[in-house]
Each structure stands twice: as C-alpha cells, then as structure tokens.
Amino acid sequence: MGKKYNPNEVEARWQEKWQETGLYRQQIDKSRPKHYALTMLPYPSGDLHIGHWYAMTPSDARARFMRMKGYNVLFPMGFDAFGLPAENAAIKRNIHPAKWTFANIERMRGQLRSMGAMFDWEREAVSADPEYYRWTQWFFKKLMELNLAYRKMSAVDFCPNCNTTLAREQVWGDDRHCERCDTPVIKKDLEQWFFKTTDYADELLDFSGIDWPERVKVMQTNWIGRSTGADVVFHTEQGDPIEIFTTRPDTLWGATFMVLAPEHPLVGKITTDGQLGAVSQYRENAQKLTDIDRETADREKTGVFTGAYAINPVNDARIPIWIADYVLMSYGSGAIMAVPAHDERDFEFAKKFGLEIIEVIRMPGREESDGPLAEAYVSKYEGQLVNSGEFTGTAVSEAIGQVTAWLEEKGIGKEAVNYRLRDWLISRQRYWGAPIPVIYCPEHGAVPVPDEDLPVLLPEDVEFMPTGESPLKMHDGFLHTTCPTCGKPSLRETDTMDTFMCSSWYQYRYLSPHDSDHPFDPEEGAYWLPVDQYTGGIEHATMHLIYTRFFTKAMREMGLVTIDEPMTALYNQGMVLGEDGEKMSKSRGNVVAPDALVEKFGADTVRTYLMFFAKWNQGGPWNYDGIKGPERLLNDVWEIGTNNYMPNQVDDEANRALRRKTHQVIRKVTQDLEGFSFNTAVAAIMEHRNTILDAKKAKNVSVDAWNEAVDSLLLVLAPIAPHITEELWAQRGHGYSIHQQPWPAWDAEAAKEDSITLVVQINGKVRDKIEVDAGQADEALKEIALASEKVQGWLEGKPPRQVIVVKGRLVNIVK
RNA sequence: GGGGCGGUGGCGAAAUGGUAGACGCAGCAGACUUAAAAUCUGCCGGACGUCAGUCCGUGUGGGUUCGAAUCCCACCCGCCCUACCA
C-alpha cells in the first residue's frame with residue numbers, strides 16, 4: 001500500500017496479462033447479443049499519430065462499455081496497406097514498397113498495443129497481404145460477372161511533372177494540384193476499368209435504414225446529385241440528332257443557341273470550313289487546359305461558333321451551335337440547349353458573344369415594357385410562361401410537368417433523371433496495389449483470371465521510376481502470359497486497383513481473415529453483420545462511405561450478405577489540432593507525438609485527456625498543460641484505490657450524501673457513454689473523485705459506502721482508463737478482470753436528491769434561492785416563494801399578476 | 001457561388017426553453033520546503049458597493065415568451081466541404 005502510481009509499469013504488466021489470457025478474443029457466442037464496433041483502419045504511414053489515438057481510444061472506450069453492458073463485442077483492427085506513399089518511399093529512398101509497408105505495420109502494431117485497446121489481434125487483416133488481395137481480386141471478377149465492372153476510355157487526372165496519373169485522393173486543394181510536386185493536374189485519355197456505382201444511385205440516396213449523421217447524408221445526397229428533367233432531341237439543319245438533358249423543359253422556347261462540349265463527337269462533323277481553324281484551336285487548348293483553369297467557376301466564359309445551326313423542335317427556330325468548355329462531356333450527353341434568359345451561365349455566355357436572349361418566363365411584377373433582362377431569371381416556382389406557344393400563360397410551377405408530358409406525346413423528348421455521381425474509376429497506373437485480374441487475349445478480349453490462379457501476385461523485382469506507365473508493364477515475366485480460354489500468348493492487365501476497393505470490404509474480412517475458401521466465413525457473417533457502430537472522420541463521407549455502401553449492395557446481389565447497408569450507425573469524430581489551433585503538419589512544427597506522451601504520462605492519462613478536452617465530434621487544439629487535469633485525476637484515483645479506509649465516526653447524513661453521488665455518477669456516465677459525450681463523462685468522474693476525497697478527509701462515511709463509491713468509480717472509469725482500473729480492481733481484492741464485470745446499475749432511489757434549491761425569480765430575474773425539501777407540490781413551492789422576505793421587498797405590498805411554477809425547480813413571479 | 005459546422009471567462013469547455021460558466025487548465029494569495037517540483041487551502045466574467053447587494057454579460061441588431069446561450073428573422077466573423085452538373 002501507498003506505492004506510487006507508475007503507469008508504465010502497470011500498463012506493460014496488464015497488456016501482457018490481457019494477451020496471455022486472451023481477454024480480448026472475440027468469438028461467436030449466441031447466448032449474448034452481439035455488437036460489432038468498428039473504427040476506420042489506418043494506412044501504415046510509419047508512425048501512429050495523435051489523430052489515430054483520437055479516433056481509436058474513444059471508440060475503444062465505447063466498445064468496452066458495450067461489453068460491460070453484456071454485449072458480445074467485436075472490435076477488430078487492421079491496415080489499409082496498399083497505396084502510393086510506399087511507392088514514393090521506394091523511388092526516393094530505394095526501399096521496396098513491401099518492405100517499407102510491412103516494417104511500418106510492425107512498428108504501428110506495437111504503438112497500437114500501447115493504447116491498451118481491446119482489439120482482437122487474431123482478427124487482424126492487412127490489405128496488401130496476398131491472402132487478403134486474392135479476395136479483392138475475386139470481388140473484381142464477381143463484379144465483372146454481374147456487369148457491374150466495365151472498361152472504357154476516359155479522361156483521368158494526370159500530373160505532367162511526375163509523368164504519372166494520380167488517384168483522386170492525390171489531387172489536393174482548391175486549385176487541384178499534385179500532392180507530390182504541387183503541379184496542377186491535367187486530363188489524359190486512358191482505357192480504364194469502372195464500377196457501376198451509378199446503378200445504385202437511387203438506392204444510395206435512401207438512408208431510411210441507417211442512423212447516420214445528417215451531415216454525411218447531406219454530403220452524399222449532394223455528391224450523388226440527382227436531378228430530374230427531360231431528354232430532348234434537337235437536330236442540326238443537316239439532320240444529325242443532338243440529345244440534350246435539361247431540368248427546365250418549360251424554358252425550351254427560350255433556347256436561342258446550343259453548346260457542345262469541346263470533346264463532343266459531333267463537333268468534327270458539323271463544323272463548317274470557315275470555322276474549322278478556330279474550332280480546332282479551341283479544342284486543342286481545352287485539352288491542354290488544366291483542371292484548375294477549366295473548373296474554376298468564376299472564370300470568364302469562352303467558346304467558339306461551329307458555323308452550324310440546329311432546329312429547336314418546339315418552335316422550329318434556327319439556332320447557332322457553339323462549343324464551350326463550360327459544358328462537360330462527362331455530364332448528361334455533353335450538349336446543352338442554352339436558355340440565356342433563365343440560366344446564369346447561358347446568360348453570361350450570350351452577353352459576351354452577343355447572342356439572342358428571349359424571355360419565356362415572366363417574373364411576377366415585370367412588364368413587357370420593362371426592357372431587356374439585367375440578369376437571368378431562374379425561379380422554378382414563381383412566374384408564368386410567355387412566348388411559349390400553347391403554353392403561354394401557364395404557371396411555371398405547373399409547366400415543367402405539362403411540357404414534359406407534351407414532349408413525350410410529340411415524340412420530341414421524354415422524362416429523364418441525371419446524376420452528378422460518376423461510375424467509380426478503379427484503374428491505377430501504379431505498382432503498389434492489387435493487380436486487376438484480367439488477361440487480354442487477341443481472340444477472346446478481356447478474360448478474367450480463373451479462380452484457381454488467384455491471387456495474381458505482385459512481382460517483387462520491379463522498376464519504380466515514374467514513366468507515366470504502370471511499372472508492371474515493364475516487367476516481362478508479369479506482362480506476358482497465355483489466354484486461360486485458348487492458351488494463345490496474351491498480355492496481362494498491368495494497372496492495379498484503387499486502394500478504396502480494398503477498404504470497401506475490410507469489415508467483412510475481419511470476420512475470418514485467414515479463410516482461404518471464402519472472402520469471409522458465412523457463419524461469422526450471419527452472427528456479426530452488420531457493423532452496429534462505425535466511427536471515423538468526416539473526410540470519408542463521399543468516398544469510402546459511398547464505396548462501401550455500393551460494395552455491400554453488390555455483395556447482396558452476389559448472395560454473400562442479406563443486409564442492404566454495411567453500417568447501421570455512424571459517428572464522426574472531430575480532429576485534434578496543434579497547440580496553435582491549426583491542422584497538425586510537419587512543416588508547421590505543431591505535431592503532437594503520442595509515444596512521448598505515453599512514456600511521460602502513461603496511456604491511461606493520454607486516453608482520458610483525449611476524451612476530456614473537447615466534445616468528440618468537435619475536436620479542438622491540443623494543450624500540453626491541459627493534460628495535467630487527467631494526470632491528477634488518475635493520481636487521485638490511485639490514492640483512493642490503494643487507501644486502506646477506516647472511518648472515525650460515521651455520519652448518516654454524509655453516508656447518504658456519498659451514496660447519492662455514487663449512484664448519480666453511475667447514471668451520468670452511463671448516459672454520457674451511450675451518447676458519445678465522453679468529455680462530460682470524465683467531468684462527472686472528476687466530480688466523484690472530489691466527493692470521495694472529501695469523504696476520505698472527513699472519515700465520516702461507513703466502510704460499505706466507501707467501498708461502493710470506490711468500486712463504482714473504478715467500474716465507470718474502466719472503459720476510459722483500462723489499465724489503472726484493472727490494477728486497482730485487483731489490488732482491492734476483486735477477481736480478474738474488471739473488464740468482464742457487469743456495468744453497474746444505478747439505484748434511482750439512492751440517487752434522488754432529498755432537498756432542492758428553489759430558485760425564485762421576479763420577472764425572470766433571480767431574486768432568491770431557498771433550500772426546500774424535494775418532491776413538494778407546485779402550490780407549496782408557490783407559497784414558500786411568496787413568503788420569502790426578499791420577494792416581499794420586491795413586490796412592495798402589491799399582489800403578483802401571475803406566478804409560474806416549474807416543477808421542483810423554480811418559481812417565477814410576474815410583478 | 002452553394003452546403004455544413006461553429007462563435008459562451010485569460011484558455012479548453014458545461015448548460016438545447018427555467019440558477020450561465022459544471023469539470024478542468026492557467027493565474028493570484030497562503031501553507032509545506034533551504035529551494036524548486038509535487039501536494040494542500042482559499043480566490044478566480046466585468047462594473048459599482050463597507051457589507052447586504054445591485055447593474056451588465058453567451059458575435060451584432062431585432063422578435064417570440066412569464067422566462068432565451070438555447071426558438072424565429074436579418075447581419076458580421078471563423079473553420080471545413082464542394083464547386084460551370086445544364
């Protein structure tokens with residue numbers, strides 16, 4: 001007894017014991033309800049960042065809490081181990097990506113263990129392991145079978161300085177520059193593999209089965225960007241059809257010109273000889289333009305007339321056809337009808353090039369004689385149609401539907417839906433990823449590699465110098481193979497898969513990471529799925545979280561799962577910032593290193609501080625002095641837990657007060673951990689610590705009340721600070737392990753206050769506070785309040801106009 | 001331009017219609033110490049006041065309410081995401 005708290009010694013000892021005894025082995029147990037808790041897996045960059053701690057330790061605390069509440073909890077961990085940084089290290093420092101990655105994983109496993117989290121390491125999955133990526137490749141083939149994977153020529157992000165294509169996640173910032181060299185990216189046409197995420201666009205918009213933050217649902221909804229309208233077919237004077245999509249078929253009569261994307265296939269055919277020079281020059285420039293130039297919205301509009309004309313099918317008007325880069329080939333059909341009077345972009349374009357502007361929606365209050373429009377009038381809700389043939393006079397709000405029906409009747413167009421969401425481009429021209437399991441046969445085309453030949457292993461002896469082509473293309477042994485169908489010499493696909501593909505199904509691989517017959521064991525799946533609580537950063541809202549939802553829906557088609565959504569509930573944590581309030585970065589020099597903190601304070605203190613300093617979904621700046629609060633808390637807990645308490649004289653009142661606080665803290669911490677309010681849970685525990693220290697000094701509570709208070713303190717602190725509580729639990733003579741104890745229940749009777757502070761207000765201002773017995777009727781509280789001397793003074797003998805009583809809390813007297 | 005989150009003591013924060021600032025950090029005063037650290041006690045939003053207390057105070061301005069940090073309207077500031085999607 002009285003031994004000083006030595007966190008490093010205590011933590012190392014218990015971590016070892018936990019491992020030896022398999023305390024965190026997580027296995028099917030049908031007698032208990034299951035809870036699958038999942039936190040986003042890290043990329044093995046080499047060092048565990050404080051951000052990893054911030055993401056993982058509160059998740060761990062929540063998982064531990066659920067375990068104590070009686071759930072059979074699965075809380076696995078793994079590594080998203082493919083990706084470009086490994087390849088950069090190879091280029092820069094001449095280390096093989098595999099060596100670099102697996103060394104980092106080894107190091108990070110040790111760092112993760114130092115957190116004292118309840119991860120079941122026997123379920124660890126590593127995406128760069130052939131045992132794992134074999135199944136990533138198998139999924140690719142399954143998607144091919146379901147027609148959810150296809151190959152197409154497409155324009156991808158390309159860094160002209162590094163001479164390589166980039167993944168979307170490597171294109172950074174507002175100006176869309178290369179992560180490595182800051183050069184703005186350009187577009188390059190390449191034959192690529194895509195997954196048909198758009199097939200599920202409507203289902204992805206349905207969030208009814210999942211409890212996800214509003215913010216994520218809004219971001220995904222915007223990202224998917226469903227718009228309804230009509231497809232309408234125009235024709236050139238020569239009779240070539242040009243299909244356009246519009247959300248405003250009601251404005252068709254105001255279409256005064258058309259615009260094609262510069263890459264539109266019809267451009268070559270329709271351009272007149274006189275315009276040929278200007279058009280080809282514009283197209284050439286558009287291709288060379290970087291995305292930064294092309295996608296900046298406030299840039300002045302540019303464009304060129306093709307010399308050709310189209311006929312507006314609703315009124316036979318002859319309208320010029322232009323090309324301009326504000327029309328994107330990748331959305332809709334790559335062509336638009338331009339209605340300058342009612343679209344801001346078309347208005348700007350028409351003004352610049354002197355094109356006709358015809359008003360077809362009259363804004364309420366506007367007269368014909370008011371002169372030309374000063375800006376586009378875009379409301380869908382107010383105004384009526386003018387200059388629109390038989391629809392003239394129709395209210396805009398009605399016109400969209402009516403015109404669409406009319407177009408269908410006339411055979412000019414039909415109702416249509418378009419999505420902003422694009423199919424998922426998964427080809428990557430880099431080495432360190434899962435090879436796409438396809439062989440190109442001169443006779444049979446793209447043939448999937450047979451299951452028995454999976455995995456398609458990444459060869460080790462590869463040249464990494466960036467040339468703009470996949471490194472695997474330079475590897476003769478890999479490249480040349482034979483067709484699985486006919487045996488003729490064939491070439492392998494040399495691109496690898498986007499690493500988001502690996503992370504789209506990792507929650508399934510955790511179920512049976514070494515299963516060599518299935519991507520995951522169906523029996524494990526039937527018990528554990530779906531993930532009950534997912535936690536991670538908001539930055540994955542529109543990428544990973546859409547991909548994994550898509551994957552689960554595709555797996556449902558494959559007959560592998562019966563669920564529609566991978567994760568029932570989602571919670572997004574905030575970010576720990578540097579002490580200066582800025583995002584942590586090496587260049588700013590404000591990075592907080594968790595290893596040094598653990599060495600100095602112990603993991604429990606670091607965990608407690610991370611959960612205490614801010615609300616979890618908010619995050620905030622790190623503060624080196626702030627950690628002293630939790631440090632003192634755990635020192636006090638140690639002192640309390642090791643104290644051999646003997647009362648002097650037991651005071652009944654003090655005894656009841658301590659019991660009340662004990663049951664109140666149980667209630668508060670239970671509710672707070674349920675609601676992810678870790679900071680107030682820790683505050684409540686600190687308050688209880690203060691109460692216990694007072695009792696310790698006064699020595700006026702019974703041994704029973706003391707023990708109840710101290711044991712409860714340890715139990716509610718156990719999920720947050722697992723080591724010190726385990727140690728003190730053992731020292732106090734309880735059985736191993738505290739983490740297997742049932743979560744304490746609070747006794748509502750014991751937690752009840754027997755007196756309250758009655759707040760007495762006059763006109764909403766606090767004028768008196770009176771201690772009264774709890775549970776009194778409103779009428780009695782009113783009497784007490786009116787009898788107050790202070791109230792009498794304020795009322796100056798006049799009767800109150802109104803008295804409002806808030807049950808058990810407050811009386812407001814209106815003078 | 002669009003969307004989201006936020007603005008409360010010196011600082012991190014509590015409080016989501018009912019006592020603003022729980023809990024903690026820093027600070028100040030005192031105790032212990034040769035000294036420092038650690039620890040302990042007290043104070044700790046501002047103004048006025050000898051005390052009792054009074055007035056002001058949650059980005060700004062209005063409103064609803066017996067009562068507003070909290071609800072509504074308008075605006076200012078900060079951060080994040082997104083960006084010509086027809």
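In helix 23 (residues 703-717), the buried residues are Ala-705, Trp-706, Ala-709, Val-710, Ser-712, Leu-713, Leu-714, Leu-715, Val-716 and Leu-717. A residue is buried if 20 or more other C-beta atoms, placed from the backbone, lie within 10 Å of its own. Helices are DSSP runs (H or I, at least four residues) numbered from the N terminus. This is a predicted model, in which local features need pLDDT of at least 70, side-chain atom pairs count only at pLDDT 80 or more, and totals for chains, interfaces and linings use all residues. Residues are numbered from 1 along each chain as its sequence is written, and chains are lettered from A and ligands numbered from 1 in the order in which they are written.

The cover of these buried residues includes helices 20, 21, 22 and 24. Leu-717 touches Val-637, Ile-685 and Thr-725 (C-beta atoms within 7 Å), leaving aside residues up to four places away in sequence.

Two nonpolar cores, sets of buried Ala, Val, Leu, Ile, Met, Phe, Trp, Tyr and Cys residues joined through C-beta atoms within 7 Å, are listed here.

| Core | Residues | Among its members |
|---|---|---|
| Largest | 144 residues | Ile-685, Leu-713, Leu-714, Leu-717 |
| Second, separate | 49 residues | Val-232, Phe-349, Tyr-377, Ala-399 |

Helix 19 (residues 603-612) is mostly covered, with 10 of its 10 residues buried. Its buried residues pack against helices 1, 2, 18, 20, 22 and 24.

Around RNA strand B there are 59 residues, of which Lys-615, Gly-620, Asp-625, Gly-629 and Gly-764 come nearest; near means a C-beta atom within 6 Å of the strand. Helix 22 (residues 678-698) gives the most to this surface, six residues.

Conventions
Helices (H or I, at least four residues) and strands (E, at least two) are DSSP runs, numbered from the N terminus. A residue is buried if 20 or more other C-beta atoms lie within 10 Å of its own, exposed if 12 or fewer, and partly exposed in between; C-beta atoms are placed from the backbone. Two residues are in contact if their C-beta atoms, placed from the backbone, lie within 7 Å.
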